[in-house]
Amino acid sequence: EPFDSEKTNTYLKQCQASFFEHRKSQDVMGVTFELAADAYQAFYLLLHMLQHFLRAGFGLKLLCDWVVFWEKPVRKEEKDTFIQLLEGSGLIGFASIITAVCVKYLQLDREKVAFLLDRESFDKKTVSSFMKEIFEAEEFGHSDTDRMVVLRGTKLTDYIREFHHQMHLSHPKAGQYKILYPILWVRTFFGFVYRNRKLRGISSIAILKNAKKRSRLVTKMKLFQKNKYEE
């Protein structure tokens, strides 16, 4: 699913060819598998977490995957490539806070991920708040019906950006024509309100309040803001 940053989406599309080019063969119990190189595997894991986080959230399982991955030896060249991928996509902050949480709560060896923690640091309160968010989400946000989306900030422009993004997700073909935007905005808005009330049994106001609370964490991560394409 595309993000609400077109420049980041463009960068990720450019990474697709490199993803398949950078592979390695690994023998597992006598069977040889073609796997992504460590830098690209880590990047995929991170994108997977981010997709879930920007919607209802995710539980501990994906954090455990992160710990298991970085506990094994990873060559410096792969770490450098991973940093380049993070800088290009604007995900340094997200990768750093995920890693900080794993170090503090899941016993991830700090020395093995120091190259990430040194890039972006977060205070103890922020790290604790993020872990609380993980616990509240449980398994992919199934614990609360008002967990649906998180924004890049808490300003009015952040709500407008996300609303426009949702319009494109709901109407991918029609959304290519700007002349149809007013109609699609109206359909998206009333569809959002209807589904919340009739299908989910929750008010749209409750969803927006929850989104605002969770979005404060995203503001501190500076999500997508360090994209090389935006410099």
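Trainee: What is the relative accessible area of D80, and how is that value read?

Mentor: D80 has a relative accessible area of 34%. Buried means under 20% and exposed means over 50%, so a value in between is read as partly exposed. D80 is therefore partly exposed. Keep in mind that this is a predicted model.

Trainee: Which residue forms a salt bridge with D80?

Mentor: The general idea comes first. Side chains of opposite charge can pair when their charged atoms come close. Here the partner of D80 is K76, with the closest N and O atoms 2.9 Å apart. Both residues belong to helix α4 (residues 76–89) and are four residues apart, about one turn of the helix. K76 counts as exposed, at 57% relative accessibility.

Trainee: Where do the two residues of the salt bridge between R119 and E87 lie?

Mentor: The closest N and O atoms of R119 and E87 are 2.8 Å apart. This pair links distant parts of the chain, 32 residues apart: E87 is in helix α4, while R119 is in the loop between α6 (114–117) and α7 (124–137). R119 is partly exposed at 42%, and E87 is also partly exposed, with 23% relative accessibility.

Trainee: How many salt bridges does the structure hold?

Mentor: It holds seven. One of them joins E77 to R75, with 3.2 Å between the closest N and O atoms. Salt bridges can also form a network, as with K24, D38 and K72.

Trainee: What is the angle at which helix α2 and helix α3 pack?

Mentor: Two packed helices are described by the angle between their axes and the distance between the axes. For α2 (residues 38–53) and α3 (residues 60–71), the angle is about 165° and the axes are 11 Å apart. An angle over 145 degrees counts as roughly antiparallel, so α2 is roughly antiparallel to α3. Their crossing is left-handed.

Trainee: Which residues form the nonpolar patch on the surface?

Mentor: They are V28, M29, V31, F33 and L35, with about 480 Å² of accessible area together. Strand β2 (residues 31–36) gives the largest share of the patch, three residues. M29 sits in the loop between β1 (23–28) and β2, and its relative accessible area of 83% makes M29 exposed.

Trainee: How many helices and strands are there in the protein chain?

Mentor: Ten helices and two strands. Read from the N terminus, the order is α-β-β-α-α-α-α-α-α-α-α-α. Of its 231 residues, 44% count as buried.

Terms used:
Residues are numbered from 1 along each chain as its sequence is written. This is a predicted model: local features need pLDDT of at least 70, side-chain atom pairs count only at pLDDT 80 or more; totals for chains, interfaces and linings use all residues. Side-chain values use heavy atoms; hydrogens and water are left out. Patches are made of residues with over 30% relative accessible area and no salt bridge: like charges are joined within 9 Å, nonpolar side chains (Val, Leu, Ile, Met, Phe, Trp, Tyr) within 5 Å. Accessible areas come from the Shrake-Rupley method with a 1.4 Å probe; for residues, only the protein chains shown count as cover. A salt bridge is a side-chain nitrogen of Lys or Arg within 4 Å of a carboxyl oxygen of Asp or Glu. Buried means under 20% relative accessible area, exposed over 50%, partly exposed in between (1.4 Å probe, protein chains only). Axes are lines fitted to C-alpha atoms, for helices over the stretch in contact, and angles run from 0 to 180 degrees between N-to-C directions. Angles under 35 degrees count as roughly parallel, over 145 as roughly antiparallel, 65 to 115 as roughly perpendicular and the rest as oblique. A crossing is left-handed if the near helix is turned anticlockwise from the far one by less than a right angle, and right-handed if clockwise.
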